[in-house]
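Okay, thanks everyone, let me get the screen up.

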Amino acid sequence: MRQDPAEYDTRYWRIRGPRGRGRIKGLFGIPSPGYPMYDVAIIGGGVVGCAIARELSRYRLRAVLLERQEEVGFGTSKSNSGIVHAGHHASPDTLKGRLEYRGNVLFDSLHKDLDFGFRRIGELLVAQEEGELPVLERLKRQGEAKGVPGLEMWDRERLRREEPNLSYRLVAALHAPTAGVINPYEFAFALIESAVANGVELKVCCPVEGIEAVGGGLRLRTPQGPVEARFALNCAGIFSDQVAGMLGLKDFSIRPRKGEEYMLDKRLQGLVRHLIFPVPTPASKGTLIIPTFDGTLMVGPTAEDTDDRGDLTTTYEGSDKVFAFIRRICPSITERDTITEFAGLRPVSDTDDFIIGPTRVKGFINVAGIQSPGLTAAPAIAEHVLGILKGERLPLEPRDDFRPRTPGTPHFAALDPEERERLIAEDPRYGRVVCRCELVTEAEVHRAIDHGARTLDGIKFRTRAGMGRCQGGFCTTRCMDILAERLKKPFHEITKRGEGSWIATPMTDDA
């Protein structure tokens, strides 16, 4: 959603947009000709940037989110494990440890408002030998000190009774009932849709290429023209140190940590019912068994540091490492169950903690180094950043027309027969199946486009078309046809996830 051009005078910004009108006290007077002055520009549209955008939309501010890719959530967020941690893993001496539990608590109200996929299924941190029990006890004490509810030690018999398909060699587990699973991309889409509905401007395919301080604010250079703002929030993930470097800030560095994950066939649904964690290592929380929100099992991730910020490859070595470990936890799982695999890059800072706060450049605030538990902490990070902006004297006047609720998308496959018949009667496109594996209908694909999908992955992450056993073998061309028709583009210009990911090439005279 795009706001109408704003009107300015030297004392007030009068903002006229699709969500009403109002006066906001001026911060700089008249901005540079040709483009508006924003209160806040958010650099990066992962879950953290989107969560901040929605939090800002509660106030009478002019805010814009700049995302380098064609849709939000297409970076680290889309390859996230999709776990909402209970809050006992990270040390309370760290910022991520302090924000982890608060973030967990906020998910219930967010889920009620935004209706994304989220379910509290609980977590089991399992000990493979007696020598690991002190770690479980330490994490239990740490969680209780932070207020995490319901933490309980399970002995071998209780563990065997609750999860009979796990290895009989496991000796005990720490149960955390408030841990949950989430569709991370659906979460990002819901956050930004709510933010845009409440007046935040979104610019995609809009990487920040340079930043300079100008007249009490910041000017961000982008391919779509300059963007001026009083505050710029650096939520650029694995590129956040490079973005800070545009202003000569070299206070931290990011070294990506690659994690490979493996999605298993749906026939294994229900093999385990809780999130299964091993005792953590210094580098990561270990290799996990994850019953995803949609029911399929996922295993991983690996944790390998890399200097290549574009390395999203999966490897035989990664697969061997993941499944060799997982067989020790759950012998029924093998690599033969894999239907697809992917890799993501976590933005690990040299402080090994979140880096959130003002810098020596006035108005430039880092929200960097957001590795695990970044997804869990995202709502609390948004609150924290709003507190920083308030401390930096950004006026925060609550809006009386803020709309907290955004209706979710009905998934045809999850409906009962009567509801399906009703939808088909209302819209016959619900009666035409596009994706057989996941029972996704033509109406759902159109709805995804209505809500911002511009790529195959945008449709996949909103509807699950292409996520089933055949991995898009049946539905890819039909989804491309619909995208081409709706976006009024040639078929060969439809991409998987934006520029550089073309699927088809145009026919030539020689073909």
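This is a predicted model: local features need pLDDT of at least 70, side-chain atom pairs count only at pLDDT 80 or more; totals for chains, interfaces and linings use all residues.

Have a look at α1, residues 47–56, and α5, residues 184–197: their axes come within 8 Å and cross at roughly 30 degrees. With a cut-off of under 35 degrees for roughly parallel, that makes α1 roughly parallel to α5. The crossing of these two is left-handed, by the way.

Which residues make the contact? On the α1 side you've got V47, C50, A51, A53 and R54. On the α5 side there are P184, F187, A188, L191, I192, S194 and A195.

Is α5 largely enclosed or largely open? Well, 13 of its 14 residues are buried, so α5 is largely enclosed by the rest of the structure. I also did the length check: at 1.5 Å a residue, the 14 residues of α5 should span 20 Å, and the end C-alpha atoms are 20 Å apart, which agrees. Following α5 you get G199, with a positive phi, near 110 degrees.

One joins G300 and P301, with omega about 0 degrees. That proline, P301, sits in the loop between β19 (297–300) and β20 (304–305). Another cis bond joins S372 and P373, and there omega is about 10 degrees. P373 is in the loop that runs between β23 (364–368) and α8 (374–391).

Then there are positive phi values in residues other than glycine. Take D352: phi is near 55 degrees, and the residue lies in the loop between β21 (338–349) and β22 (355–358). Its relative accessibility is 37%, so D352 counts as partly exposed. K488 has a phi near 55 degrees as well, again positive and again not a glycine. You'll find K488 in the segment after α12 (476–487). How accessible is K488? At 75% relative accessibility, K488 counts as exposed.

F252 is in the loop between α6 (240–245) and β16 (254–264). With 8% relative accessibility, F252 counts as buried. What does F252 touch, leaving aside neighbours within four places in sequence? The contacts are N234, S240, D241, A244, D350, I355, N366 and A368. As for F239, that residue is 13 residues from F252 in sequence and 12 Å away in space, C-alpha to C-alpha.

The other one is S79, in the loop between β5 (63–66) and β6 (83–84). Here the relative accessibility is 10%, so S79 counts as buried too. Not counting residues up to four places away in sequence, S79 touches E261, F342, A343, G344 and L345.

If you remember one thing, go back to α5: largely enclosed, with 13 of 14 residues buried, and roughly parallel to α1. That's me done, happy to take questions.

Technical notes: Residues are numbered from 1 along each chain as its sequence is written. Side-chain values use heavy atoms; hydrogens and water are left out. Axes are lines fitted to C-alpha atoms, for helices over the stretch in contact, and angles run from 0 to 180 degrees between N-to-C directions. Helices (H or I, at least four residues) and strands (E, at least two) are DSSP runs, numbered from the N terminus. Angles under 35 degrees count as roughly parallel, over 145 as roughly antiparallel, 65 to 115 as roughly perpendicular and the rest as oblique. A crossing is left-handed if the near helix is turned anticlockwise from the far one by less than a right angle, and right-handed if clockwise. Contact means heavy atoms within 4.5 Å. The expected span of a helix is 1.5 Å times one less than its number of residues. Buried means under 20% relative accessible area, exposed over 50%, partly exposed in between (1.4 Å probe, protein chains only).
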